[in-house]
Amino acid sequence: MDELQNFIQRNLRRILAGGGLILSLFAISLLLNTSPKSSFWLMTHSVPIGSKILPGDVAMLKANLTSDSTHFEGSGDSVVGQYATRSLQTGDLIAVSDVSRSGVSTPMSFLPIGVAVDDLPMDLSVGDLVDIYVIPKDQSSLPAIVAHRVVVQSVDQKSRSLGGSVAVSVVADASITAIIVTAESQGRLVLARESI
């Protein structure tokens, strides 16, 4: 017994250092084993409100969201074929409230409009929110805003490269659609993308 006490007294620092090293290695192994265990749906392409989510628009991402995991669509949920209830951007995790099996509750129209190549942002893309202005043909009328925060559904890149008029499709409800169509007949439309 005396030999054990003498050994401990002589080597106390070494014993404490060894114990600390073992404890550190144990803690590191615990941290390394806390890798994400769940998979969630991630947007790989922008999808406008009301559009159907296609297989190429989403991918699975491993993440550890702990208590927030119930708010997002996981690997057990199918989001392909559902409809976006808001404009989904590339890199967004899909929340439960972001998709619906029946589409959006208010009827939405996919309205094609012609916009001069100089009257829209050069890097306008699907899912962008734009304000639509009209510059009237009548010189006595002032330019005015027609619609606010309208979602871009598609941009025809071929017509953009040719110059002239670019075919842009936007998503809008019936009342906004009527206003845009009326404005298009009265003058030139200009699209201004909202800053994020």
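Ala-84 is found in strand β3, which covers residues 83-84; strands here are DSSP runs of E with at least two residues, helices are runs of H or I with at least four, and both are numbered from the N terminus. With a relative accessible area of 0%, Ala-84 is buried, a word kept for residues under 20% relative accessible area, while exposed means over 50% and partly exposed lies in between (1.4 Å probe, protein chains only). Ser-100 sits 16 residues away from Ala-84 in sequence, and the two C-alpha atoms are 6.5 Å apart in space.

All of this comes from a predicted model, in which local features need pLDDT of at least 70 and side-chain atom pairs count only at pLDDT 80 or more, while totals for chains, interfaces and linings use all residues. Residues are numbered from 1 along each chain as its sequence is written, and side-chain values use heavy atoms, with hydrogens and water left out.

Zooming out, the protein has four helices and nine strands. Along the sequence they follow the pattern α-α-β-β-β-β-β-β-β-α-β-α-β. Of the 196 residues, 33% are buried. Contacts (heavy atoms within 4.5 Å) can also be sorted by separation: among those between residues at least 6 apart in sequence, 63% join residues at least 24 apart.

Next comes the sheet. Five strands make up an open sheet, in the order β5-β8-β7-β6-β9, with antiparallel pairing; two strands pair if DSSP finds at least two bridges between them. The edges belong to β5 (108-116) and β9 (187-193), and each has a single partner strand, so one side of each is left without a neighbour in the sheet. From one strand to the next, the twist averages 45°, with axes fitted as lines to C-alpha atoms (for helices, over the stretch in contact) and angles running from 0 to 180 degrees between N-to-C directions. Nine bridges join β5 and β8 in the antiparallel sense, and Phe-110 has Val-171 in β8 as its bridge partner.

Asp-119 has its place in the loop between β5 and β6 (129-136) and is buried, at 9% relative accessible area. Leaving aside residues up to four places away in sequence, Asp-119 touches Arg-188, Leu-189, Val-190 and Leu-191. Ala-183 lies in helix α4, residues 174-186, and counts as buried at 5% relative accessibility. Ile-132 is 51 residues from Ala-183 in sequence, with 9.5 Å between their C-alpha atoms.

Finally, there is the largest pocket, with a volume of about 380 Å³. On a 1 Å grid over the protein atoms alone, a pocket is an open set of points where a 1.4 Å probe fits, with protein on both sides within 12 Å along at least five of seven lines, and lining residues have an atom within 4 Å of a point. Points are joined across faces, edges and corners, and the volume is the space filled by probe spheres set on them. Of the 20 lining residues, Ser-87, Gly-127, Leu-129, Arg-149 and Val-151 are the closest to the centre. The elements giving two or more residues to the lining are β7 (144-155) and β8 (165-173), and β7 provides the largest share, four residues. By class, the lining has nine nonpolar, five polar and six charged residues, where Ala, Val, Leu, Ile, Met, Phe, Trp, Tyr, Cys and Pro count as nonpolar, Asp, Glu, Lys and Arg as charged, and the others, Gly among them, as polar.
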